[in-house]
Amino acid sequence: MKHLLVLILSIVCVQFSFSQNAGMRAYGGITKMSNRVAAITPAGTSHNGYHIGVDGRLNSGGMFFVVGVKFTSVDLIAAKESAYFSSETTHYIFGGRVGLGWHLLRFNNGFSIRGKALAQLDSNLKYDNDELSVPYDSMVDAAASAVVGLGLEFKGITIDVEYEYGLVNVYSQQKDTKSDAINVSLGFFF
C-alpha cells in the first residue's frame, strides 16, 4: 500500500509539473561565508569557496515556486585571501531549498529581473574535525537559513546574487554561532 501511494503521488507530481511549465536552472558560482562569532571568523576574514546546484521552477508566470538542492565547499578555517577554488581546510555542505520567486520586471527581448525568497536546510556533510578547537570543536548535523536574492535572466542565461541569513547555530552547544553567506552564481535555465 505504501509503495502504491508513493507511485501515485509521484505520477501526480510529474503530471502537475508538466502542466505548470516547469523547468530547471543549473548554476555554479562563488560563496563568501562568515560566522557571527569573531573567534570563528575574525574581522577581515571569511570562509570562501564555491557552490553548484539545481533549482526547479514551477509555473513560468510572474510568480513561481522554487525547489532545489545545492552543494557548497568552503574553507572551514577563515582566511584573508579569497581562494574560492582551492581550499586549505574542508567543509562540505549539502542543502535543500524551497520558496517563491518573482519576475519583478520583464522586457520584450527575453530579459527579466527576478527576486526570490527561500527557506534552506543545510547538512554538514564533511569537515576537518582536527582543525576545530575548544569550545568550537563540534558542528551540528544540520542548520537552517533564510535566503533572499536578485537575479537577471536573458534567454535562459542567469546571473544571481543571494544572501543567506543563518537561523540555527552551526556549532554544538554554542550560542550565536550562526553563519551568513553571499553567493554569486552563473547558470542557465532549461
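Biologist: Is Glu-153 buried or exposed?
Modeller: Glu-153 has a relative accessible area of 9%; the cut-offs are under 20% for buried, over 50% for exposed and partly exposed in between, with a 1.4 Å probe and protein chains only. This is a predicted model, numbered from 1 along each chain as its sequence is written; local features need pLDDT of at least 70, side-chain atom pairs count only at pLDDT 80 or more, and totals for chains, interfaces and linings use all residues. Side-chain values use heavy atoms, without hydrogens and water. At 9%, Glu-153 counts as buried.

Biologist: Which residue forms a salt bridge with Glu-153, with the closest N and O atoms 3.0 Å apart?
Modeller: A salt bridge needs a side-chain nitrogen of Lys or Arg within 4 Å of a carboxyl oxygen of Asp or Glu. At 3.0 Å between the closest N and O atoms, the partner of Glu-153 is Arg-57.

Biologist: How many residues apart in sequence are the parts that this pair ties together?
Modeller: Glu-153 lies in strand β6, which spans residues 142-154. Strands are DSSP runs of E, at least two residues, numbered from the N terminus. Arg-57 lies in strand β2, so the pair ties together parts whose separation in residues is 96.

Biologist: Which Arg side chain makes a polar contact with Glu-153 at 3.2 Å?
Modeller: A polar contact is a pair of N or O atoms within 3.5 Å; within protein, one must be able to donate a hydrogen and the other to accept it, and residues adjacent in sequence count only if both atoms are side-chain atoms. At 3.2 Å, the side chain that meets Glu-153 is that of Arg-114.

Biologist: Which Lys forms a salt bridge with Glu-162?
Modeller: Glu-162 is buried, with a relative accessible area of 3%. Glu-162 also forms a salt bridge with Arg-97, with the closest N and O atoms 2.8 Å apart. The Lys partner, also at 2.8 Å, is Lys-116.

Biologist: Which residue stands opposite Tyr-27 in β2?
Modeller: Strands pair if DSSP finds at least two bridges between them. β1 (residues 23-35) and β2 (residues 47-58) are antiparallel, over eleven bridges. Opposite Tyr-27 stands Gly-53.

Biologist: Which strand does β1 pair with over residues 179-189?
Modeller: This pairing is antiparallel, over eleven bridges. Gly-29 stands opposite Ser-185 there. The partner strand is β8.

How values were computed: Helix = DSSP H or I, 4+ residues; strand = E, 2+ residues; numbered from the N terminus.
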